[in-house]
Amino acid sequence: MKFTLSWLKEHLDTQASLQQILDTLTMVGLEVEGARNPAEGLETFVTARVVEATQHPNADRLRVCRVDAGNGETQVVCGAPNARTGLIGVFASGGSFIPGTGITLKPTEIRGVSSNGMLLSEREMGLSDDHDGIVELPASTPIGVPAVKIMGLDDPVIEIAITPNRGDCLGVRGIARDLAAAGLGSLKPLTNGPVPGAFESPIKAHLDFTDETKDACPYFVGRYIRGVSNGESPKWLKDKLTAIGLRPISALVDITNLMTLDVNRPLHVFDADKVKGDIRVRLGKPGEKMLALNGKEYELDDAMTVISDDAGAEGLGGVMGGEISGVTGATVNVFVESALFDPRRTATTGRKLMLQSDARYRFERGIDPAFLVDGMEIATRLIMDLCGGEPSELVIAGGRPDTARDIAFRPDRVKGLCGVEISRDEIQRILMILGFSVDGDGDAWTVRVPSWRGDIVGEACLVEEVVRINGYDKIPMVPPVRDSYLPKPALNVNQKRRALARRTLAARGLVEAVTFSFMAEAHAALFGGDTEKLRVVNPISADLSVMRPSPLGNLLLAAGRNDDRGVADAKLFEVGPEYFGDGPDGQRIVCAGIRYGMSGPKHWSAKPQPADALAAKADAEAVLAAVGAPVDRLQVYTDTPGYYHPGRSGELRLGPKTTLARFGEINPRVLKALGVDGPAAAFEVFPDAVPTPKAKGTARPMLNLATYQPVERDFAFVVDAGVAAGALMAAAAGADKALIVDVRLFDVFQGPALGEGKKSLAITVRLQPTEKTLTDAEIEAVSAKIVAAVGKATGGVLRG
Amino acid sequence: MDNPDKLLDDVLAKVAAAADMDALEALRVGELGKKGRITEMMKGLGQMAPDERKAAGQALNVLKDKVAAAIDSKKAEMADADLDRRLMTEKIDVTLPTAPAAEGYIHPISQTIDEVVAIFGEMGFTVAEGPDIEDDWHNFTALNIPPDHPARQEHDTFYLPGDYETRKVLRTHTSPVQIRTMTAEKPPIRIIVPGRTFRSDHDATHSPMFHQVEGLLVDRTSHMGHLKGCLIEFCRAFFEVDDLPVRFRPSYFPFTEPSAEVDIGCTRAGGEFRIGHGEGWLEILGCGMVNPNVLANCGIDPTEYQGFAFGMGIERIAMLKYGIPDLRTFYESDLRWLRHYGFRALEVPGMVGGLAR
């Protein structure tokens, strides 16, 4: 919402400075977004008379002017066609900065004639694009005074943001009322008395609604004005509109814009001679079409409010008038409409048609239902002043809806809700200046809400009115009281796990990414997404059109982008949601990561390896250990989703059903579909699936440190190449659960010496006696059990 | 027999002159071995008269000890010299670069959330969460934003498939978690809600996905003064500026009444942006007293309970605190960016150890 300082002062009688006004606006909730004085940078330009203009001796198009700027004469060479003897214009002396050209003037010589200043055009002043000639001021203009004063430019333009609840401040008068309440002056009275009608309007108005739909337009005020002439607006009105960035069109149109911005009363003016029969306000007919004032045709439906005549729709109620019955320079008789339209219907109509207008913006925020007649009277005066004409009596259809409401208000609530002490007298003063009426005394008041404040619905609203006008800065700063002296932990077990997962992976050299919850539909399908149910109906782009079934796709794409930029070995992870349903339980947290390209750059001491499944497995195991999963009880399964390499991936499960993690190389088909080179290995850990340990206090189990020497024995088994090392190790570990504390695989070998389809797996088994040192015979006995157990489980035999 | 003193001088001279370990060992055997000179002399003591034997025995023992000590000392000296020689041959090039350890980083969004949680955790808030895919009631209606409310248009909502009434939305703010908490728990309530939020807007200052943190406190007595206290403390702790100017301005949110926006002081003096005392204000969050309708929608009696709520953008406060210029870069996963703006694994923010390095 834009307005000028002088415009504000038409409604507000104030001595306050501009800065006070700006500060107060922001502090009452009308946030100042900008304030600019168009006179800024033009202060040094003064009015000056061209004492004599003569032809330049060496140039046909130039004139040499002797200019009197009030302090002696100066010679200026000027190219403007209207530079002539006697003209009063705007003079910039040498050394001035010219905003329109960005040049600082220096004394110069133009085709052999010296020139010491400049007579300015509007464009050179930065006021408009007009460069047809220099500015011409009236002959009566005094000489040598600042041009901005004479031209009325010294008027700051203020722009404020209006929150959706403050429709009443979409007119300058509403803003002035808030400032008056805040103590910056007083609200001036409005001239809105009735204008007597000279005749009965030949156009009548009818509200054609049923009981269910009559709220669409409950109240309509019209007036016929005959014999107007719709010329250009006077300078004061054009200046006012131009100052806030509106283009003056014609007196009648400018008056409706003025009414909208000044008193927040949108109007429509019909060319009465183009209206066929009476005005009927009704709902649209399906398929009905209307050509709007913006030159576009709209198709209407039966939920939209239409202003019509016998010929059809002539306007969209509360949104935009029609082109056919609009006013033109030739208009002689007009019918003025001041109506009330339902905010919701207006909003819905505008949204459906994607049609925004100043009227819609105001009607959907709620217009003062008690101001229709006042608005009509003010507009009638303006039209008669600027366009002449003779007004009819008012045409009224429907009636003002009863929006009066009383709110029970306890003045104590100001302190109770906001903690600030404000006297009851001051509370009452603030409410009354804002237009509320206050009844009652003591602790229970009845407050009546003014017709223009549809946003005030309860006691808390009244508290807000009082406190915001009194100033939020006066609310004391009080530390919140805590129930206990020391805080409880802010995170629950799952939230803590995420933090541990994150920092564990970062400590392992992976870099955390945060990628979108969206991905392209085709990419989501690679990861098994329900691309129908989890499709975004109105995506930003096709790349972001479904909710991701896994973050892996986005991470792989990110690795590919880094690869393109020359970082070929991205190690990325994300701890975030993946989606599998649209209900409240349709998402889960996954800790997903990828190792892309080589394990690292070439280095003299460490040979880089391509990303492989077991590196990803190590990541998954590290995360699982960090979040407290029973890592030693997990089993490795090899049935994994299709985005993994079928032979180089696994799942870590607790029992056959509960998957805690997956790892493996990414299937090359998936890499190809994503358009990244790879190779890439990935892992996914589901920290929330890890069982929460039963609460059993903070004490650790008793530690029994063995006093007897542990013994290690190595075994090399020859097994079929397809035997899983994990199975062999598990068999060995299970051979004597009391003695065997650790089984480590230290060699995997395949070679012709072993025979076709065979491999050798070598393990170290650590025995820890608890009661006495083991004898050779006992060690031999355990060794035999190990060989037997491995043989039974895997068919493996000791390598000879 | 030989004079022990003369003998000692003789042996010590030989020890000093011994060229290597072998010579020294031969010397030891020659003097102190089973058939060594000094050993033989010890054997000769038996034939002496008892009175002579005592004095001679003492002298011989002294001699034997001194010779043994001299040989041991010389041996140690030679071993040291041997080791020194060997060590010199083991020299390596210590200018060789060490094996590269991959450096991991925490994303600034995670780190900022951790910082926010550390501060509000100190004030007794616990972290609550809710789904990203929400229904209309939790995201709008229960928050006092009925259908066709003008505020809905400002939310630029993403929709999932379904008919107009029942289709799901991607939550446009973290506020629906206020509703989920208040419908599930009884006051007193004190939660913060960090999480993903979604709006269909994409330019330099808007991202279709971003993060917010929501706060909610409901009890019988907390008022706007407490809200001010809570948020001013937060701003000063988070931005690590003790006297940071903080300003509350009236604003409007359907779910709070009264509502406020909060600005912090800043300056662009000298062409450099800085948070703190200065000529400017920068909006960083919205807040207010929970609207009585919202409490009632959640089954909490607004005549008995009141409280405050606030919400702010994680990326916004991270950008301001860490001088990150462009919102879009947060989600691009450019490793150069992540390494530059990220945090090391062990930089865990806390109110005891401090928030930032």
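Axes in this tour are lines fitted to C-alpha atoms, for helices over the stretch in contact, and angles run from 0 to 180 degrees between N-to-C directions. Helices (H or I, at least four residues) and strands (E, at least two) are DSSP runs, numbered from the N terminus. You have a predicted model open, in which local features need pLDDT of at least 70 and side-chain atom pairs count only at pLDDT 80 or more, while totals for chains, interfaces and linings use all residues. Residues are numbered from 1 along each chain as its sequence is written, and chains are lettered from A and ligands numbered from 1 in the order in which they are written.

**Stop 1: two helices in chain B**

Select α5(B) and helix α11(B), residues 314-322: their axes come within 10 Å and cross at roughly 95 degrees. That angle makes α5(B) roughly perpendicular to α11(B) (65 to 115 degrees; under 35 counts as roughly parallel, over 145 as roughly antiparallel and the rest as oblique). Now show the side chains: P108(B), I109(B), T112(B) and I113(B) of α5(B) meet I314(B), E315(B), I317(B), A318(B) and Y322(B) of α11(B). Contact here means that the C-beta atoms of two residues, placed from the backbone, lie within 7 Å. By class, seven of these residues are nonpolar, one is polar and one is charged. Ala, Val, Leu, Ile, Met, Phe, Trp, Tyr, Cys and Pro count as nonpolar, Asp, Glu, Lys and Arg as charged, and the others, Gly among them, as polar.

**Stop 2: where the chains meet**

Next, bring chain A into view: 71 residues of chain B are in contact with 81 residues of chain A. Among the elements of chain B that give two or more residues to this side are α5 (108-122), β5 (209-219) and β7 (256-267). Which element of chain B gives the most to the side that touches chain A? Select α9(B), which gives eight residues. Colour this side of chain B by class and you will find 41 nonpolar, 18 polar and twelve charged residues.

While β7(B) is at hand, zoom in on P258(B), which lies in that strand. The peptide bond between E257(B) and P258(B) is cis, with omega about -5 degrees.

**Stop 3: a sheet in chain A**

Move to chain A, where four strands form an open, antiparallel sheet in the order β17-β24-β16-β25. Two strands pair if DSSP finds at least two bridges between them. The edges are β17 (268-271) and β25 (390-398) of chain A, each pairing on one side only. Seven bridges join β16(A), residues 219-226, to β24(A), residues 334-340. Pick R223(A) and you will see V336(A) of β24(A) opposite. Helix α9(A), residues 372-387, packs on the sheet and touches β16, β24 and β25 of chain A, its direction making about 15 degrees with that of β16(A).

**Stop 4: two positive phi values**

Select N264(A), in the loop between α6 (251-263) and β17 of chain A. Its phi is near 60 degrees, although N264(A) is not a glycine. Is N264(A) buried or exposed? N264(A) is buried, with 24 other C-beta atoms within 10 Å. The cut-offs are 20 or more for buried, 12 or fewer for exposed and in between for partly exposed, with C-beta atoms placed from the backbone.

R111(A), in the loop between β10 (108-110) and β11 (113-115) of chain A, also has a positive phi, of about 50 degrees. With 11 C-beta neighbours inside 10 Å, R111(A) counts as exposed.
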